[in-house]
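Open the structure in your viewer and keep the selection tool at hand. The stops below say what to select and what is there.

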Amino acid sequence: MTSAITATGLRKSFGGTAVLDGIDLEVAAGTTFSLLGPNGAGKTTTVQIMSTLVRADGGQVRVAGHDVAADPAAVRAAIGVTGQFSAVDNLLTGQENLLLMADLHHLGRAEGRRRAAALLDQFDLAGAAAKTAMTYSGGMKRRLDLAMTLIGDPRVIFLDEPTTGLDPRSRRMMWQTIRELVADGVTIFLTTQQLDEADQLADQIAVLDHGKVVAAGSPEQLKRSIPGAHVRLHFADTTGLDAAERALGGSFRHEGTLTREVPSGGGAIAVRELLNRLGDAAAAVDEVSVHTPDLDDVFFALTGRPTAETMPEMENAR
Amino acid sequence: MTTLAFAVRDSATMTRRSLRHVLRYPVTLVVSVAVPVLVLLLFVGVFGALRTSLGAHASYIDYVMPGIIVMTAGYGSSVTAQGVNRDSTEGIIARFRTMAISPTSMLNGYVASALARTLVSAGLVIAAAIGLGYRPSADAGRWLAAAGITVLLVLALTWLAVPFGLAAKTAEGLTGFILIVQLLPFISSAFVPPGQMSGSVRWFAAHEPFTSVIDTLRGLLTGTPSGGTVLTAVIWCAGLALAGYLWARLLARRDLNR
């Protein structure tokens with residue numbers, strides 16, 4: 001399996017503060033890799049270095065087979081970038097934005113028009129093609145932004161928090177587009193603050209915190225490694241509750257309700273075993289729900305702090 | 001295609017993009033013409049009457065017009081700086097920089113479109129002035145030379161406007177630049193000969209770059225140009241253009257976050 005992106009010992013400081021403190025990453029070609037972390041973790045800086053916008057202080061990055069420091073032009077020819085803030089020309093129409101990109105990719109006039117029309121259709125923008133981007137909603141701008149990134153047919157695509165602030169429909173559309181791109185062999189490097197997004201899309205995840213990779217693996221590996229997954233049980237009455245507490249050791253009492261949370265990996269086998277034990281003890285369970293950890297759980301488990309306690313948004317600073 | 005052919009093609013694409021902005025929002029062009037014409041009306045209609053009553057020559061419009069042309073160029077460069085800054089803060093420049101385009105193509109696009117826009121404004125301002133009684137005595141050759149000096153001035157101001165636009169983190173950060181290019185023409189030989197001013201203002205007005213350009217234009221259009229003044233104007237413009245170009249190139253290649 002070839003690597004589309006490799007980073008070794010990546011370092012970057014702004015004004016004496018280490019934003020990236022020795023990062024190693026490897027992304028296999030044709031897969032989705034997700035860099036997960038809160039604001040200020042260094043996600044945007046990582047994308048900026050990999051997309052040749054910012055020079056690293058130390059370490060090496062290769063994208064699509066080229067060193068970003070030694071041959072940025074070759075890297076630029078292979079990549080597409082859609083950032084957190086829509087980088088569209090607000091004074092041009094949607095179609096003109098796409099044709100501008102087509103011209104800058106040196107596509108022929110006919111080919112540029114053909115691709116622009118196809119992308120406008122694909123991203124549900126055909127009806128707004130002749131309107132200036134200034135009049136677009138946030139979701140439409142983000143879709144136009146991604147369409148502009150795709151017109152050059154990049155082999156490696158960086159998506160920096162592509163769904164932050166999007167409505168559910170636009171978000172699903174973005175996810176679907178990402179899946180289709182990967183099916184076509186494109187490599188996706190996705191940053192997100194949302195574990196469920198990484199879970200839905202990523203083959204591999206790295207969790208970034210204060211400039212360090214604190215965990216890496218497949219979504220399944222990552223979730224299993226994190227305590228915080230639990231099964232929530234709702235009992236019909238106190239008899240069932242008491243029976244359950246005797247069977248499970250009574251270490252999970254919360255006064256005043258009939259609902260109890262039992263730590264569990266959340267896998268099917270674990271849940272079946274739990275329900276079997278409760279059944280043997282004749283503890284009548286009304287409702288069962290399985291809760292997998294969210295980003296807060298991940299962060300609390302990996303760093304001992306909640307996500308709220310992060311640095312100011314320095315990675316967004318210009 | 002060669003690298004140079006690509007650079008030329010990308011520069012043309014970037015120029016088309018900026019010109020499309022002007023055509024889509026012609027109000028920018030209208031204001032770029034209206035402001036200098038209003039200043040012209042103010043000076044010729046209001047202060048001109050004052051000067052005439054004080055015994056100065058009657059064709060005051062012939063005297064102020066070169067200054068008005070320079071003001072048009074100055075106003076045009078403030079529009080350019082604002083446009084560059086908008087692109088920079090909206091993130092489209094970051095997009096261009098992740099693409100396989102030479103950074104100078106982007107800069108060339110700004111400068112070429114600004115040159116076209118400002119020359120059209122200047123042409124319209126001159127036409128309005130002729131309607132108001134401006135009667136330059138220049139022949140075709142003198143006009144051509146005056147046009148050349150104007151192009152040089154616009155290039156100088158535009159090459160300065162681009163890096164100021166790139167460097168400012170917000171539109172407010174441009175206030176200094178806009179103040180300089182819009183106000184400096186007033187403290188020059190534009191409306192009153194510096195010799196009639198007092199003290200340090202006289203020294204400043206006599207030596208600031210706009211004065212040499214204004215005197216050159218005035219010489220070409222309604223009098224006799226002095227070779228020394230023309231040379232001073234050309235050196236000022238070329239020097240400012242080169243400084244702006246080098247600064248802009250530095251900014252376009254430097255890290256996004258600085």
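What percentage of the 318 residues of chain A count as buried? The figure is 44%. A residue is buried if 20 or more other C-beta atoms lie within 10 Å of its own, exposed if 12 or fewer, and partly exposed in between, with C-beta atoms placed from the backbone.

This is a predicted model, in which local features need pLDDT of at least 70 and side-chain atom pairs count only at pLDDT 80 or more, while totals for chains, interfaces and linings use all residues. Residues are numbered from 1 along each chain as its sequence is written, and chains are lettered from A and ligands numbered from 1 in the order in which they are written.

**Stop 1: chain A as a whole**

Select chain A and colour by secondary structure. Chain A has 11 helices and 13 strands. Helices (H or I, at least four residues) and strands (E, at least two) are DSSP runs, numbered from the N terminus. Next, colour residues 3-218 as domain 1 and 230-291 as domain 2; these bounds come from an automatic or database domain assignment. The centres of the two domains of chain A, taken over C-alpha atoms, are 44 Å apart.

Among contacts in chain A between residues at least 6 apart in sequence, 69% join residues at least 24 apart. Two residues are in contact if their C-beta atoms, placed from the backbone, lie within 7 Å.

**Stop 2: helix 6 of chain A**

Select residues 168-183 of chain A, which form helix 6. At 1.5 Å a residue, its 16 residues should span 22 Å, and the end C-alpha atoms are 23 Å apart, which agrees. The expected span is 1.5 Å times one less than the number of residues.

Which residues of helix 6 of chain A are buried? They are Ser170(A), Met173(A), Met174(A), Ile178(A) and Leu181(A). These cover an arc of only 140° around the axis, so they sit on the same side of helix 6 of chain A; the arc is that of the directions from the helix axis to the C-beta atoms. On the other side, Pro168(A), Arg169(A), Gln176(A), Glu180(A) and Ala183(A) are exposed.

Now show what the buried residues of helix 6 pack against in chain A: among the partners are strand 3 (32-36), helix 5 (138-150) and helix 7 (195-201). Just after helix 6 of chain A, pick Gly185(A), which takes a positive phi of about 95°.

**Stop 3: Arg171(A)**

Stay in helix 6 of chain A and select Arg171(A). Arg171(A) counts as partly exposed because it has 19 C-beta neighbours inside 10 Å. Leaving aside its neighbours within four places in sequence, Arg171(A) is in contact with Thr163(A) and Leu166(A). Then draw a distance from Arg171(A) to Arg277(A): C-alpha to C-alpha, they are 40 Å apart in space, and 106 residues apart in sequence.

**Stop 4: chain B**

Select chain B, which has 10 helices and zero strands. Of its 258 residues, 45% count as buried. The C-alpha atoms of chain B fill a box of roughly 65 × 40 × 35 Å, taken along the principal axes.

**Stop 5: where the chains meet**

Show both chains. How many residues of chain B are in contact with chain A? There are 23, in contact with 27 residues of chain A. Helix 1 (3-24) and helix 4 (92-97) of chain B each supply at least two residues of this side of chain B. Helix 1 of chain B gives the most, with eight residues.
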